[in-house]
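Let's take a friendly walk through this model, from a helix pair to a ligand site and on to some individual residues. Please keep the structure open beside the text as you read.

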Amino acid sequence: MKVLQIDSSSTGAASVSRELTAAVVNALRQVDPALEVRYRDLVAQPPAHLDGALLQSLRPQPGAELSGDAEFVKQAAYTDELLNEFLAADVIVVGAPMYNFSVPSQLKAWIDRVAQAGKTFRYTANGPEGLAGGKKVVIVSSRGGKYAGTSIETLLDHQESYLRALFGFFGITDISVLRAEGVALGAEARAEAVAEALAQTGLLVEELAAA
Ligand SMILES: Cc1cc2nc3c(=O)[nH]c(=O)nc-3n(C[C@H](O)[C@H](O)[C@H](O)COP(=O)(O)O)c2cc1C
């Protein structure tokens with residue numbers, strides 16, 4: 001099984017989502033010792049935001065030429081690397097802290113690179129069609145407040161709901177969420193949230209391996 005582990009938290013060793021993505025991958029390794037893991041740290045190596053030159057390579061306009069600028073060439077090669085490792089993975093474990101009700105901008109920049117017509121989705125006469133089906137995604141969600149099942153969830157959760165919609169758009173239907181929330185509500189609340197999430201990794205991984 002090929003796993004792509006993605007981290008996007010900027011809090012380094014103090015990160016809840018980083019601890020949990022590592023726990024999921026370690027648990028998967030127990031089940032499958034031959035697990036192939038590709039690790040992508042989007043904070044250590046952040047994809048640049050889209051600009052005109054990158055857009056020209058991703059969504060070419062007729063008549064316009066590709067930039068020969070060294071930084072563009074580097075970023076275009078990085079796009080291919082990000083896309084190829086995503087397409088090659090059977091399971092994607094994506095660490096996604098909630099930042100301002102959405103995902104960190106490094107993760108959004110990753111999405112802007114892998115969302116490519118003809119590669120991860122396409123438009124047909126019957127509407128959009130995902131091209132990356134058959135994979136499994138684990139969204140590792142960490143957030144300071146509590147949202148799940150509350151009255152503010154629909155209004156304020158543009159993190160888990162966004163990622164579910166995005167991977168669904170790519171054709172991926174097997175999406176699970178490992179969540180630690182309320183981590184900003186004090187040390188005890190944080191420890192409880194992390195412990196609960198860690199306790200769920202075993203079952204989650206059994207389900208992943210069985211499906
Ligand atoms: C820039 C920033 C923005 C944040 N925005 C929110 C937010 O909108 N809602 C929330 O519940 N928590 C918010 N938090 C708290 C984080 O979601 C929480 O600390 C989470 O554990 C971060 O993940 P990490 O521990 O992997 O870094 C924010 C934290 C940071 C650093």
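In helix 1, residues V16, E19, L20, A23, V24, A27, L28 and V31 meet V194, A197, L198, T201, G202, L204, V205, L208 and A209 of helix 7. Contact here means that the C-beta atoms of two residues, placed from the backbone, lie within 7 Å. By class, this contact of helix 1 with helix 7 has 14 nonpolar, two polar and one charged residues. The classes work as follows: Ala, Val, Leu, Ile, Met, Phe, Trp, Tyr, Cys and Pro are nonpolar, Asp, Glu, Lys and Arg are charged, and the others, Gly among them, are polar.

Before going further, please note that this is a predicted model, in which local features need pLDDT of at least 70, side-chain atom pairs count only at pLDDT 80 or more, and totals for chains, interfaces and linings use all residues. Residue numbers start from 1 along each chain as its sequence is written. Helices (H or I, at least four residues) and strands (E, at least two) are DSSP runs numbered from the N terminus.

How do helix 1 and helix 7 pack? The angle is about 35° and the axes are 9 Å apart, with helix 7 covering residues 187–210. Axes are lines fitted to C-alpha atoms, for helices over the stretch in contact, and angles run from 0 to 180 degrees between N-to-C directions. Helix 1 passes helix 7 in a right-handed crossing, a term used if the near helix is turned clockwise from the far one by less than a right angle.

Helix 1 also takes part in the ligand site. Around the ligand there are 17 residues, and the closest are S9, S17, P97, G144 and G145. A residue belongs here if its C-beta atom, placed from the backbone, lies within 6 Å of the molecule. Two elements give two or more residues to this shell, helix 1 (16–31) and strand 6 (136–143). The largest share, three residues, comes from helix 1. Sorted by class, the shell has seven nonpolar, eight polar and two charged residues.

Where do the buried residues of helix 6 pack? They lie against strand 3 (91–97), strand 6 and strand 7 (174–181). In helix 6 (residues 160–169), the buried residues are E160, L163 and F167. A residue is buried if 20 or more other C-beta atoms lie within 10 Å of its own, exposed if 12 or fewer, and partly exposed in between, with C-beta atoms placed from the backbone. Seen down the axis of helix 6, these buried residues fall within an arc of 65°, so they line one face of the helix. The arc is that of the directions from the helix axis to the C-beta atoms. After helix 6 comes G171, with a positive phi near 95°.

Now for some backbone angles. Most residues other than glycine have a negative phi. N100 has a positive phi, near 50°, and is not a glycine. F101, also not a glycine, has a positive phi of about 70°. N100 lies in the loop between strand 3 and helix 4 (105–114), and F101 lies in the loop between strand 3 and helix 4 as well. N100 counts as exposed, with 10 C-beta neighbours inside 10 Å, while F101 is partly exposed, with 15 other C-beta atoms within 10 Å. Leaving aside neighbours within four places in sequence, F101 is in contact with L156, H158 and Q159.

The table sets sequence separation beside C-alpha distance for some residue pairs.

| Pair | Apart in sequence | C-alpha to C-alpha |
|---|---|---|
| E71 and E206 | 135 residues | 43 Å |
| F101 and L42 | 59 residues | 19 Å |
| V183 and S142 | 41 residues | 7.6 Å |
| L83 and Q116 | 33 residues | 8.6 Å |

V183 has its place in the loop between strand 7 and helix 7. Is V183 buried or exposed? With 23 C-beta neighbours inside 10 Å, V183 counts as buried. Not counting residues up to four places away in sequence, V183 touches V16, S142, R143, G144, A189, R190 and A193.

Helix 3 (residues 70–88) holds E71, and L83 is found in helix 3 too. E71 counts as exposed, with 12 C-beta neighbours inside 10 Å, whereas L83 is partly exposed, with 18 other C-beta atoms within 10 Å. Apart from neighbours within four places in sequence, L83 is in contact with R113, V114, Q116 and K119.
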